[in-house]
Amino acid sequence: MTPQEVSPPAGPPEHRWSVLADLLAASRHAAAHRIPEIVATHAVALGAHSAVIHLVDLDQISLAPWGGRGAGGNGPATLLIDSTLAGRAYQHEEVVVQAPHGQEPRTTVFAPLCQGADRLGVLAVTMDVDAGQHGDGAEGSGAPPWIEPLATLVADLVVAKAACSDTLVNVRRSAALELAAEIQWGLLPPLTFGSDAVTIAASLEPAYEVAGDSVDYAVEEHLTRFAVFDGMGHGLRSAQLAALTVAAYRNNRRGGRTLVETACSIDASVELGFAGESFATGILAELCVDTGDLEWVNAGHPDPLLLRHGRHVKTLSCESGLPFGLGLQGGDYPVGHEQLEPGDRVLLFTDGVVEARSPSGDQFGVERLVDLLSRKVADNLTAAESMRRVSRALLEHQQARLTDDATMLLLEWSP
């Protein structure tokens, strides 16, 4: 595969950094809807013909264009993640250069938009190429040196502007959200996080209907806290239950309370809020990032799994307490302990994952879940991409008709 030679912009390297600085200044006080135009204008100043921001949709199936215009005045197309070069750039978090067709003198460079480990989409930049160099989807080399700094800046702008506009939210939706799902997505932290010691990747399905399931985490200097919850029932009441559960978890976690104190407080809060008529199961966990010491409490939830060197080595079992909200635990939750090794991955999931059944009645099961995840790890995929592919397999197993929320959170410790 022959890399495409992309024509660099005129002027010294200092010019490129000046253009990026101008982009930052121009966007500082710009409303969200103006960002695509501002990015495209400055990409042209760098030597491109056009630039279009594509954002990933909620269920990570496609990359939807945010602004921009295509040939003939038509809007740019939505790009599928599993069957396009843009999707390849997204999946593998690498710059991909598309070969031109025939004698076409231009090509498109796809750069992933990431803020840390959180994948937001791709930036598609159309460039002139050397017509004598016709490869087919070359990676990295052949891209202009400013493409990655530009993509990094654009990713930061996407995150900054998303907080004060519905524009980006609507671009990422390929269907209307149910009210319960609206509540849930408003609760969630970024579903992917990465640092020099800990990586977290989570998924929630069905993305547009999820209600009772939720995840949460906080990464501090010495301690990473994370949790998965599964609220009773479906619909709006289940989403309200999840909202209360997560709020109680955050309130106690931020107050510096222990795992047991936090679990007991969540139990009391849900009982008070729902008068004992609803409950939620959950796993609360804490990892000392300096030593790899893992502790957790289980409130009537499926046991976490430990993966080492791409294999399932054990189920993390401890005596389970009662679900949150019953008020019958008696003021105590047993604590489990495990010493992790560098590279270990811990998987938390709700019962909607392993109990999902195909139309013929075949259960997805723990064995299939572990096998799929192990194969993705063996393929050297990131935690985020592994989660995405396992979620796709789960939906295919049930032919995209999940009867229960299916949520997973994968944590990797790599000191």
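A word on the ground rules. Because the model is predicted, local features need pLDDT of at least 70 and side-chain atom pairs count only at pLDDT 80 or more, while totals for chains, interfaces and linings use all residues. Residues are numbered from 1 along each chain as its sequence is written, and side-chain values use heavy atoms, with hydrogens and water left out.

**How the helices pack**

Helices here are DSSP runs of H or I with at least four residues, strands are runs of E with at least two, and both are numbered from the N terminus. An axis is a line fitted to C-alpha atoms, for helices over the stretch in contact, and angles run from 0 to 180 degrees between N-to-C directions. For handedness, picture the near helix turned from the far one by less than a right angle: anticlockwise is left-handed, clockwise is right-handed.

| Helix pair | Axis distance | Crossing angle | Handedness |
|---|---|---|---|
| Helix 6 and helix 7 | within 8 Å | roughly 15° | left-handed |
| Helix 7 and helix 8 | 9 Å | about 145° | right-handed |
| Helix 2 and helix 4 | within 11 Å | roughly 170° | right-handed |

Angles under 35 degrees count as roughly parallel, over 145 as roughly antiparallel, 65 to 115 as roughly perpendicular and the rest as oblique. Helix 6 and helix 7 are therefore roughly parallel, and helix 2 and helix 4 roughly antiparallel.

Which residues do the touching? Contact means heavy atoms within 4.5 Å. From helix 6, the residues L179, A180, I183, Q184 and L187 meet G235, L236, A239, A242, A243, V246 and R250 of helix 7. That contact sorts into nine nonpolar, two polar and one charged residues. For these classes, Ala, Val, Leu, Ile, Met, Phe, Trp, Tyr, Cys and Pro are nonpolar, Asp, Glu, Lys and Arg are charged, and the others, Gly among them, are polar.

Helix 7 also packs on helix 8, using residues including R237, L241, L244 and Y249 against partners including E261, I266, V270 and F274. By class, this contact has seven nonpolar, seven polar and three charged residues.

Between helix 2 and helix 4, I35, V39, A43 and L46 meet L150, V154, L157 and K161. The tally there is seven nonpolar, no polar and one charged.

**An aromatic cluster**

Rings of Phe, Tyr and Trp (its six-membered ring) pair up if their centres lie within 6.5 Å; planes under 30 degrees apart are stacked, over 60 edge-to-face and the rest tilted. How many aromatic pairs does a search of the whole structure find? There are four. In one of them, the ring centres of F229 and Y249 are 5.6 Å apart with planes at 70°, so the pair is edge-to-face. F229 sits in strand 11 (residues 223–231) and Y249 in helix 7 (residues 235–254), so this pair ties together parts 20 residues apart in sequence.

F324 and Y333 make a tilted pair, at 5.9 Å centre to centre and 50° between the planes. Together, F229, Y249, F324 and Y333 form one aromatic cluster. Buried means under 20% relative accessible area, exposed over 50% and partly exposed in between (1.4 Å probe, protein chains only). F229 and Y249 are both buried, and so are F324 and Y333.

Most residues other than glycine have a negative phi, and most peptide bonds are trans. Now for the exceptions in this model. Q60 has a positive phi of about 55° without being a glycine. Its place is the loop between strand 1 (50–56) and strand 2 (62–66). A275, also not a glycine, has a positive phi of about 55° and lies in the loop between helix 8 (259–274) and strand 12 (280–288). Are they buried or exposed? Q60 is buried, with a relative accessible area of 19%, whereas A275 is exposed at 60%.

There is a cis peptide bond too: it joins E205 and P206, with omega about -5°. P206 is in the loop between strand 9 (198–205) and strand 10 (213–219).

T192 belongs to strand 8 (residues 192–194) and is buried, with a relative accessible area of 13%. Leaving aside neighbours within four places in sequence, T192 is in contact with A117, D118, I200, A201, Y217 and A384.
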